[in-house]
Amino acid sequence: MSDAILEIKNLKTYFKTRKGLNPAVDGISFNIEAGKITALVGESGSGKSMTAMSILGLVPQPAGKIMPESEIWFEDQDLTKLSERTLAKIRGNEISMIFQEPMTSLNPVYTIGKQLMEPLRIHQKMSKADARALALKYLEMVRVPDPERRMSSYPHQLSGGLRQRVMIAMAMVCKPKVIIADEPTTALDVTIQAQILKLLKDVQEQLNTAILFITHDLGVVAELCDDVCVMYAGQIVEKATVEMLFENPSHPYTAGLLKSLPRVDDDVDMLYSIEGMVPNLINIPEGCRFASRCPKAMEKCREKEPPKVMIETGHEVHCWLYE
Ligand code: SF4
């Protein structure tokens, strides 16, 4: 039986542009399981952040639209069919988000304490004293030094690393069932990055939260995640557990991404990079979207959309090589 807490089925998020329809997310399906960290990996423009926005009901309007055949199931409710009012109650309370740049979600004119307490007061109707006590507990949990004093600090008075810790505390404070973390450490330097990732994992394990972790970095996926979906040009091209993916990377795009990871035992002057560019989604080529960059492309790859093949239990690849 699946422990899926969030089931994404045939999600399509399209944008109307002056040049035509852009299918930024084009028919993806995957599950996020309770207590696990699921990675969504891909280059920029692959559709990963738009997937997150779709789950949260934050697709930019009026240009963007979740197509009617899409389904996002969370606790017996299809989020794509809910009113904005109902979605707003779920957002921040049961599904919360950690962004790459904390200043995009921390309000510069309110203290950290007020911002941590507000969701508890609004969503959980807590008294001021209880909300304050819990906010302090979470600042301690994410190891913010001198939390009492930090409660009355403003975001600009904190370093980037501390702001990201506060963001994690804010995302966790209502004990959400799902957290979506969109490249949460990209803006930080490497040492702080490692500390924040460890912290995220520790807190996730303590609270048994499910995390959807969005990243372009397979190195981070190996360290942190349980399951992984590789996205390319709006589609999922490979889906597996992290162990399966690293032992047996099967889609040529995944293999290329892994090859381009720096390794300590390699003595090379230049890192490998996948040649070419992600195709323009407004004019999607026939057949496989990766064909123009794929070293294994065959004639039929350019003619027909590849099939989705289960190459072992729990390991799915979208490619003609496994037909
Ligand atoms: Fe390469 Fe063909 Fe597989 Fe696409 S379907 S990834 S072009 S081998």
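This is a predicted model: local features need pLDDT of at least 70, side-chain atom pairs count only at pLDDT 80 or more; totals for chains, interfaces and linings use all residues.
**Entry 1: helix H7**

I started with H7, which covers residues 190–207.

Next I asked myself which residues of H7 are buried. My list reads Gln 193, Ile 196, Leu 197, Leu 199, Leu 200, Asp 202, Val 203 and Gln 204. I reminded myself that an α-helix has 3.6 residues a turn, so residues three or four places apart point the same way.

Then I looked up what those buried residues pack against, and found strands S3, S7 and S9 along with helices H4, H6 and H8. Just after H7 I noted Asn 208, with a positive phi of about 55°.

**Entry 2: the largest pocket**

I got a volume of about 510 Å³ for the largest pocket. It has 20 lining residues, and the closest to its centre are Arg 91, Gly 92, Ser 105, Pro 119 and Met 170. S7, H3 and H6 each give two or more residues to this lining, with the largest share, 6 residues, coming from H3. I sorted the lining by class: 11 nonpolar, 6 polar and 3 charged.

Where does this pocket lie relative to domain 1 and domain 2? Both domains give residues to the lining, so it lies between them.

**Entry 3: the second largest pocket**

Here I found about 330 Å³ of space. Of its 16 lining residues, Glu 33, Asp 227, Lys 239, Ala 240 and Gly 314 lie nearest the centre. Strands S2, S10, S11 and S13 each give two or more residues. By class I wrote down 5 nonpolar, 6 polar and 5 charged.

Technical notes. Residues are numbered from 1 along each chain as its sequence is written. Side-chain values use heavy atoms; hydrogens and water are left out. Helices (H or I, at least four residues) and strands (E, at least two) are DSSP runs, numbered from the N terminus. The expected span of a helix is 1.5 Å times one less than its number of residues. Buried means under 20% relative accessible area, exposed over 50%, partly exposed in between (1.4 Å probe, protein chains only). Contact means heavy atoms within 4.5 Å. On a 1 Å grid over the protein atoms alone, a cavity is a set of points where a 1.4 Å probe fits but cannot get out, and a pocket is an open set with protein on both sides within 12 Å along at least five of seven lines; lining residues have an atom within 4 Å of a point. Grid points are joined across faces, edges and corners, and a volume is the space filled by probe spheres set on the points. Ala, Val, Leu, Ile, Met, Phe, Trp, Tyr, Cys and Pro count as nonpolar, Asp, Glu, Lys and Arg as charged, and the others, Gly among them, as polar. Domain bounds come from an automatic or database domain assignment.
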